[in-house]
Amino acid sequence: MKYKLLISIIMFGGLPFLGISQNKIDKALKRYNSNSVEYISTEDLIHLKNSSDNIKILDTREASEYSISHIQDAIYAGYDDFNLQHIQDKIDTKDTIVVYCSIGVRSEDIGEELLKAGYENIYNLYGGIFDWMNKDQKVYDHKGNPTDKVHAYDRFWGDYLEKGQKVY
């Protein structure tokens, strides 16, 4: 019996058939990220926002994604068109900076750029805006109004967004 269970685990890639599955976002981050930028959880970011005025949140998604929704007070930084000079007047090297994207892959790249440029207190939001939304946190549209819409990037990545209305 033990061998049948072991063979099933190997064949089916873990224990999802027993209801024991690893977080999908965690798996993706382990696969695509190098952990070069320290993660911050949604809960820790909420606490940090409530206790510090010296925090800057950078949205490292594309403009079309940011306009659908973003975390309140997030500064648009972009990804393909990221240019440090465009945001330097909004952030200081001593600020605590949290970068985010859909789940945390693109934001790690931008966090690395910030570290290379001399910024010291950089954190990558674990699970990005998807985890933020999955944990019932508010997002805001381009007019500053609360919304349940989130740009899901594409259907593959959109699978990680469990709550809210997916927009493609």
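## Stop one: Thr42

Select Thr42: leaving aside neighbours within four places in sequence, Thr42 is in contact with Leu125, Tyr126, Asp131, Trp132, Lys135 and Gln137. Contact here means heavy atoms within 4.5 Å. Thr42 belongs to helix α3, residues 42-51. Thr42 counts as buried, at 1% relative accessibility. The cut-offs are under 20% relative accessible area for buried, over 50% for exposed, and partly exposed in between, with a 1.4 Å probe and protein chains only.

This is a predicted model, in which local features need pLDDT of at least 70 and side-chain atom pairs count only at pLDDT 80 or more, while totals for chains, interfaces and linings use all residues. Residues are numbered from 1 along each chain as its sequence is written, and side-chain values use heavy atoms, with hydrogens and water left out.

## Zoom out: the whole chain

Show the protein chain as a cartoon. Eight helices and nine strands are there. These are DSSP runs, numbered from the N terminus: H or I of at least four residues for helices, E of at least two for strands. The protein chain has 168 residues, and 42% of them are buried. Take its contacts between residues at least 6 apart in sequence: 63% join residues at least 24 apart. The accessible surface of the protein chain is about 9,700 Å², and carbon and sulfur atoms hold 50% of it. The areas come from the Shrake-Rupley method with a 1.4 Å probe; for residues, only the protein chains shown count as cover.

## Helix α3

Go back to α3 and colour Thr42, Leu45 and Leu48, the buried residues of the helix. Look down the axis: the buried residues of α3 fall within an arc of 120 degrees, so they line one face. The arc is taken from the directions from the helix axis to the C-beta atoms. What do these buried residues pack against? Their partners are β1, β2 (55-59), β4 (96-100), β5 and α7. Turn to the face away from the buried side: the exposed residues there are His47, Asn50 and Ser51.

## Helix α2

Select residues 24-32, helix α2. Its buried residues are Ile25, Asp26, Ala28 and Leu29. They span an arc of only 165 degrees around the axis, which puts them on the same side of α2. They pack against β1 (39-40), α6 (105-116), α7 (128-134) and α8 (155-158). The face turned away carries Lys30 and Arg31, both exposed.

Which residue caps the N-terminal end of α2? Pick Asn23: one of its side-chain oxygens lies 2.7 Å from the backbone nitrogen of Ile25.

Next, Gly127, in the loop between β5 (121-125) and α7. Gly127 is buried, with a relative accessible area of 0%. Not counting residues up to four places away in sequence, Gly127 touches Ile25, Leu29, Ser102 and Ile103. Draw a C-alpha to C-alpha distance from Gly127 to Lys24: it reads 9.8 Å, across 103 residues of sequence.

Move to Ser107, in helix α6. Ser107 is buried too, at 0% relative accessible area. Its side chain makes a polar contact of 2.5 Å with the side chain of Asn124. A polar contact is a pair of N or O atoms within 3.5 Å; within protein, one must be able to donate a hydrogen and the other to accept it, and residues adjacent in sequence count only if both atoms are side-chain atoms. Beyond four places in sequence, Ser107 is also in contact with residues including Thr60, Val99, Tyr100 and Cys101.

## Tyr140

Tyr140 is in strand β6, residues 139-140. Is Tyr140 buried or exposed? Its relative accessibility is 14%, so Tyr140 counts as buried. Tyr140 and Ile68 are 72 residues apart along the chain, yet their C-alpha atoms are separated by 7.9 Å. Ile68 is also one of the residues that Tyr140 touches, outside four places in sequence; the others are Ser69, His70, Gln72, Asn145, Pro146 and Thr147.

## Last stop: the rings

The structure holds six aromatic pairs. In Phe156 and Trp157, the ring centres are 4.9 Å apart and the planes are at 85 degrees, so this pair is edge-to-face. Rings of Phe, Tyr and Trp (its six-membered ring) pair if their centres lie within 6.5 Å; planes under 30 degrees apart are stacked, over 60 edge-to-face, and the rest tilted. Phe156 is partly exposed at 48% relative accessible area, whereas Trp157 is buried at 17%.

Finish on Arg155. Its charged end sits over the ring of Tyr168, 4.2 Å from the ring centre. The test is NZ of Lys or CZ of Arg within 6 Å of the ring centre and within 35 degrees of the ring normal.
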